[in-house]
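Good morning, everyone. Please look at the screen while I go through a few points.

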Amino acid sequence: MVKAINISLNVGKKNILSKANAHFNNGEVTAILGPNGAGKSTLVKCIAGTIKPSKGDIEIDNENINNIALEDLACKRGYLNQQFNWSIAYTVRDLVSIGRFPHYDVYPSKEDDRIITSAMELLDIISFSDRTTNNLSGGELQRVHFARTLAQIWPTTTKEKKLLILDEPVNNLDPQYQHAILALAKDFARNYNVCVIVVLHDLNLVAQYSNNSILMKEGEIIAQGKTADVLTEQLLEEVYKVPISIIKNESQFHIITGVKYNQLKKELTL
């Protein structure tokens, strides 16, 4: 389990996060959503340990993140952020291999090589493993970096407690790969007991792939809990300032933004 305890972050006089409290369970996917500037990426950066909050603590398996050695943290936590600032043109396989660096004794083992290949196969990038990254499309590069992140936290047993943090992982992707990546994240949570935290903008993807959701606005957590309880018309309209309609059936629900469903039905029948 991961806990954010009373997290606040100030930049100058601006309050980016304000007393955020949240918990994230192994074996589940928790989505963080909210409008631009809500503090979503800042919260996951604090959880990942890439920035230090002004106040509060992050705990991973009841241990303060500040007390975890960087080498140990790198082996248990994978963080896919929004920016990929790579000036060197790696081959695809070499870039995915970087995810395994924290696990090497000196050189990669056969198990490391197997995991690297498996991650590439899952992301459908094995066919261009020898291409250089400066010759990839934005969507292809996104999949390569996701494979790198999976390779980093690849669990070998369900007893290992791994943390996978994904900050807007489906940007630049075709719908096919949006669903593929989120389905993989959910499979890793369900089948390997991984704690998955994902920042998303698409409310329907949140509804489809997350067990729990955290709704943020202006640096504060407005609501958190089971996704079906957080994604309500009232809460979403309060945060996004547009009409919201939710259509539920037995297995899932769909979210329509910008117009109320009753109004939409009326317009379509005119």
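**Rings, charges, a cavity and some contacts**

There are three aromatic pairs in this structure. Keep in mind that the model is predicted. A pair of aromatic rings is described by the distance of the centres and the angle of the planes.

Take phenylalanine 101 and tyrosine 104. Their ring centres are 5.5 Å apart, and the planes meet at 55 degrees, so this pair is tilted. How exposed is phenylalanine 101? Phenylalanine 101 has a relative accessible area of 48%, so the residue is partly exposed. Tyrosine 104 has 17% relative accessibility and counts as buried. The cut-off for buried is under 20%.

Next come tryptophan 154 and phenylalanine 188. Their aromatic pair is edge-to-face, with 5.3 Å from centre to centre and 80 degrees between the planes. Where do the two residues lie? Tryptophan 154 is in the loop between α5 (138-153) and β7 (163-167), and phenylalanine 188 is in helix α6 (residues 175-192), so the pair ties together parts that are 34 residues apart in sequence. Buried or exposed, what is tryptophan 154? Tryptophan 154 counts as buried, at 12% relative accessibility. Phenylalanine 188 counts as buried too, at 3% relative accessibility. Trp154, Phe188 and Tyr192 are linked into a cluster by ring pairs.

Rings also take part in another kind of contact here. Which ring does the charged end of arginine 131 sit over? That ring belongs to phenylalanine 128, and the charged end of arginine 131 is 5.0 Å from the ring centre. Arginine 143 gives a second case. The charged end of arginine 143 sits over the ring of tyrosine 177, at 3.8 Å from the ring centre.

On to the cysteines. How many disulfides does the count come to? The count comes to zero disulfides. The rule asks for two cysteine sulfur atoms within 2.5 Å. Cysteine 75 is in no disulfide, because the nearest cysteine sulfur, that of cysteine 195, is 17 Å away. Cysteine 195 is in no disulfide either, because the nearest cysteine sulfur, that of cysteine 46, is 16 Å away. Cysteine 195 counts as buried, with 1% relative accessibility.

The structure has one cavity of 30 Å³ or more. How much space lies in the largest cavity? About 50 Å³ of space lies in there. Its lining includes Met1, Val2 and Asn26 from the list, and Cys195 is one of the lining residues as well. Ile60, Asp61, Lys161, Lys162 and Leu163 also line this cavity. Sorted by class, the lining has five nonpolar, one polar and three charged residues.

Start with glutamate 28, in the loop between β2 (14-24) and β3 (29-33). Glutamate 28 counts as buried at 18% relative accessibility. Glutamate 28 and asparagine 212 are 184 residues apart along the chain, yet their C-alpha atoms are separated by 7.6 Å.

Alanine 147 is another example. Alanine 147 has its place in helix α5. With 0% relative accessibility, alanine 147 counts as buried.

Arginine 100 is buried, with a relative accessible area of 5%. C-alpha to C-alpha, arginine 100 and glutamine 152 are 5.1 Å apart in space, and they are 52 residues apart in sequence.

Last, the backbone angles. Asparagine 6 is not a glycine, but has a positive phi of about 55 degrees. You will find asparagine 6 in strand β1 (residues 2-11). Asparagine 6 is partly exposed, at a relative accessible area of 37%. Aspartate 124 is not a glycine, and has a positive phi of about 60 degrees. Aspartate 124 is placed in the loop between α4 (110-122) and α5. With a relative accessible area of 41%, aspartate 124 is partly exposed.

That is my tour. Thank you.

Methods:
Residues numbered from 1 in each chain as written. Predicted model: local features only at pLDDT ≥ 70, side-chain atom pairs only at ≥ 80, totals over all residues. Heavy atoms only, no water. Buried < 20%, exposed > 50% of the residue type's maximum accessible area, 1.4 Å probe, protein only. Phe/Tyr/Trp six-rings, centres within 6.5 Å; stacked < 30°, edge-to-face > 60°. Helix = DSSP H or I, 4+ residues; strand = E, 2+ residues; numbered from the N terminus. Lys NZ or Arg CZ within 6 Å of the ring centre and 35° of its normal. 1 Å grid on protein atoms, 1.4 Å probe; cavity = no way out; pocket = protein on both sides within 12 Å on 5 of 7 lines; lining within 4 Å. Points joined across faces, edges and corners; volume = space filled by probe spheres on them. Nonpolar A, V, L, I, M, F, W, Y, C, P; charged D, E, K, R; others polar.
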